[in-house]
Amino acid sequence: MKKIPLLTLLLGLSAPLFAQTSEGNRFMSYTGNLSFSGSKTASDLTVPTRERTYDINLEFSRGKFIRDNVAHGWNVGLGYNHYKILESDYASSTPFLSANYLIRRYVVPSERVRVFAQGTLGASYRPSIADGEITLNTFGAGASLGLGLTYFYKKNWAWEATANLAGLNVTHARKEDEKVVTNVQLNGSFGVSSFKIGLAHYFGSSSSAFEEPPQQSLYAVGTGYLAADLSTLHTSYPMANTTGVGVGFSGGKFVSPRKLVGIGLHGSYATANSSSENVLNSWGANVRPFVEYYWPIAGKWSIFVNSGIALGYNSTKTTDTDGKRTNQSYSAQPNIRPGIQYQLTTKWAIAAMIGNLDLKGFYASKMELKQSNTTTTNTTFNFEIDPTYQLNTTSLSLRFYPGR
């Protein structure tokens, strides 16, 4: 008989803890990406050409929980792409508008974390404009199925990440010319795509504050940190093979029981060849200040999130049928890397970084192509904020804690 009051008590406690996704509450989320790029191409035989491109996309979602952990609502997407050649009057642009009905089913693994499945159904419109006139109207309709992750960093505010797993859409394009041309396409996809990260606000009468997590850690303030990591790359296709290796060293210090501040140096080398006798050699280096946050999970195991910005240089030389091509690039790329760590001994640990959330950032390059009679130079720069998660950049790290 004592089990019934205990069960009732547990259910009563769980309601306010997980109240952000309770029946009657609402949510709003905001995602987007931004990019700007420019290039200049010059050769011995042509006039220099300068090009500019910018692109912006915003998405707003709003929904209501029709019962605990089940919500439905809608989202609206707005976008605009513009391209211009500075040496001429040519310019083109592509506005974008979409509207979708959405439904979500949440699972609650912990107080601050939600995992959800999301289905959408909607329509889109994308006109293509060149020199001030609409040249193509594209209408679309489709459905998608995806997964999402919500992390509440305070009472009603959360970071959200979503990715599509499957989609089906149909597009209808009408070319506005002397003769109207209609093209209808049906496309389906399966796989992880359209990764987005954004900010979400959950609100309602039943929302509740979170308890502050205990500051448990395997490490003390002031503990030093030294690490070496090794990463490899090998891809094999019927027509080409690529092999690469990367080595990195980093050091830092814990400024709180679960926060480490440090800096790292990384170098890499890669080579590729193909059946058409194309040969590529590439090397690069970067300096990366970073911050790591640790959470102990069981015994000697911890999970961590490493965030920083890599300031890098890369040089690539290619020999192919077109001639000899040299490319030098500079970059400032913020990224976030999740990982898991096991403490082997008092002072030694091994860690695995699982994938890379690349936020893009700034990139500039200069390419020079030498052919028999001409030399062509292309200079580009690009600034972009468009989160992309890449699982194929997993690496291992051996870590030493001298002051522990």
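**Salt bridges and a buried asparagine**

At 22% relative accessibility, Glu 59 falls in the partly exposed class, and I start with this residue because the cut-off for buried is under 20%. What we are looking at is a predicted model, and in it the side chain of Glu 59 meets that of Lys 196 in a salt bridge, with 2.7 Å from N to O.

The structure holds five salt bridges, and another of them joins Glu 87 to Arg 50, whose closest N and O atoms are 2.7 Å apart. Here Glu 87 sits in the loop between β3 and β4, whereas Arg 50 is in strand β2, 37 residues away. Both ends are partly exposed, Glu 87 at 39% and Arg 50 at 34%.

Now to a pair in another setting: Glu 292 forms a salt bridge with Arg 399 at 3.0 Å between the closest N and O atoms. Glu 292 lies in strand β12 and Arg 399 in strand β18, so the bridge ties together parts that are 107 residues apart in sequence, and both residues are buried.

Glu 292 also leads us to Asn 306, as it is one of the residues that Asn 306 touches, among them Phe 290, Asn 335 and Met 353. Asn 306 is placed in strand β13, residues 301–320, and is buried at 2% relative accessibility, while its side chain makes a polar contact of 2.7 Å with that of Arg 288.

Note on methods:
Residues are numbered from 1 along each chain as its sequence is written. This is a predicted model: local features need pLDDT of at least 70, side-chain atom pairs count only at pLDDT 80 or more; totals for chains, interfaces and linings use all residues. Side-chain values use heavy atoms; hydrogens and water are left out. Helices (H or I, at least four residues) and strands (E, at least two) are DSSP runs, numbered from the N terminus. Buried means under 20% relative accessible area, exposed over 50%, partly exposed in between (1.4 Å probe, protein chains only). A polar contact is a pair of N or O atoms within 3.5 Å; within protein, one must be able to donate a hydrogen and the other to accept it, and residues adjacent in sequence count only if both atoms are side-chain atoms. Contact means heavy atoms within 4.5 Å. A salt bridge is a side-chain nitrogen of Lys or Arg within 4 Å of a carboxyl oxygen of Asp or Glu. Lists of a residue's contacts leave out its neighbours within four places in sequence.
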